[in-house]
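Have the sequence open beside it.

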Amino acid sequence: MAEAQQAKTSIRSYLLRRILLGLISALLVGIAALAMSIAYQRMNPGVNQLTGSSDSSDAPEFDGSIVIDPTVAMPDFTLRDQSNKSVSLRDLRDNYVLITFGYTNCPDVCPLTLSEFRNVRNALGSSSEDVAFVFISVDGERDRPEALRNYFALRELDGIIGLSGEEDVIRALGVDYGLSFEMTKPDKRGGYLVNHTAGSFLLDPSGRWIRRYQFGVPPSTIVADLEELLAS
């Protein structure tokens, strides 16, 4: 009888030790996971804003629109428009200026961006008179004024200024915008594509860079920004 009672006591003690060891192990694993999470967050500040994780309520999800703060005064440049007239950045002063870079033989990004420019302009209504919409070609060899004029007429891009110039001139003015572009190897017919920086850049009436819009930003976002700026 005594031996049976002693056996039960030993089993009970064994089970209690196993349970206690399990609880301690789980606690240690939890502490280690918490420490790793804290270390990761410290090494990657802002990761939640970009990935939209569980605490996104504390910081809005990135929408592709970047406020340039402090603003940057952009240098003047002079190019030829689709009417073969000389146009300088200073000629557009007193207006907000929305600029994008591209080329008329672009199969996707450029026509989409220009369509969005048209949508923004239409949405602004009469206020669009205070905004200059500018397309600067990175393919001056093919995008001469006549080519720009025909392209804009075909796509009904009224009110948008098309500009082009020599490659070295475009590369020089593009430095301040972070522009890069590269022509691909020509095919048998001499055709080629141009890999280039996408998106658009908003300048204020004093010629200062104030917004950067990544490619794909909804036109409504740009419209909302411009309406707020024009009303201030």
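Gly102 has Ser137 as its bridge partner in E5. This is a predicted model. The bridge belongs to a parallel pairing: E4 and E5 are joined over seven bridges. What links the two strands into a unit?

Now look at the burial of E4 itself. Is the strand buried or exposed? E4 spans residues 96-102, and seven of its seven residues are buried, so the rest of the structure largely encloses it. In a regular strand, side chains alternate between the two faces of the sheet. Both faces of E4 are covered. Tyr96, Leu98, Thr100 and Gly102 are buried on one side. Val97, Ile99 and Phe101 are buried on the other.

Which residues does Phe101 contact beyond its neighbours within four places in sequence? They are Ile136, Val138, Leu173, Tyr177, Leu179, His196, Thr197 and Phe201.

Next, the cysteines. A disulfide is a covalent bond between the sulfur atoms of two cysteines. How many does the structure hold? The count is zero. Cys106 is in no disulfide, and the nearest cysteine sulfur, that of Cys110, is 3.1 Å away. Cys110 is likewise in no disulfide, with the sulfur of Cys106 as the nearest cysteine sulfur. Cys106 is buried, with a relative accessible area of 7%. Cys110 counts as buried too, at 3% relative accessibility.

Finally, step back to the chain. It has six helices and ten strands. Of its 232 residues, 36% count as buried. Among contacts with a separation of 6 or more, 68% come from residues 24 or more positions apart. The accessible surface comes to about 14,100 Å². Carbon and sulfur atoms account for 55% of that surface.

Conventions: Residues are numbered from 1 along each chain as its sequence is written. This is a predicted model: local features need pLDDT of at least 70, side-chain atom pairs count only at pLDDT 80 or more; totals for chains, interfaces and linings use all residues. Side-chain values use heavy atoms; hydrogens and water are left out. Contact means heavy atoms within 4.5 Å. A disulfide is a pair of cysteine sulfur atoms within 2.5 Å. Buried means under 20% relative accessible area, exposed over 50%, partly exposed in between (1.4 Å probe, protein chains only). Helices (H or I, at least four residues) and strands (E, at least two) are DSSP runs, numbered from the N terminus. Two strands pair if DSSP finds at least two bridges between them. Accessible areas come from the Shrake-Rupley method with a 1.4 Å probe; for residues, only the protein chains shown count as cover.
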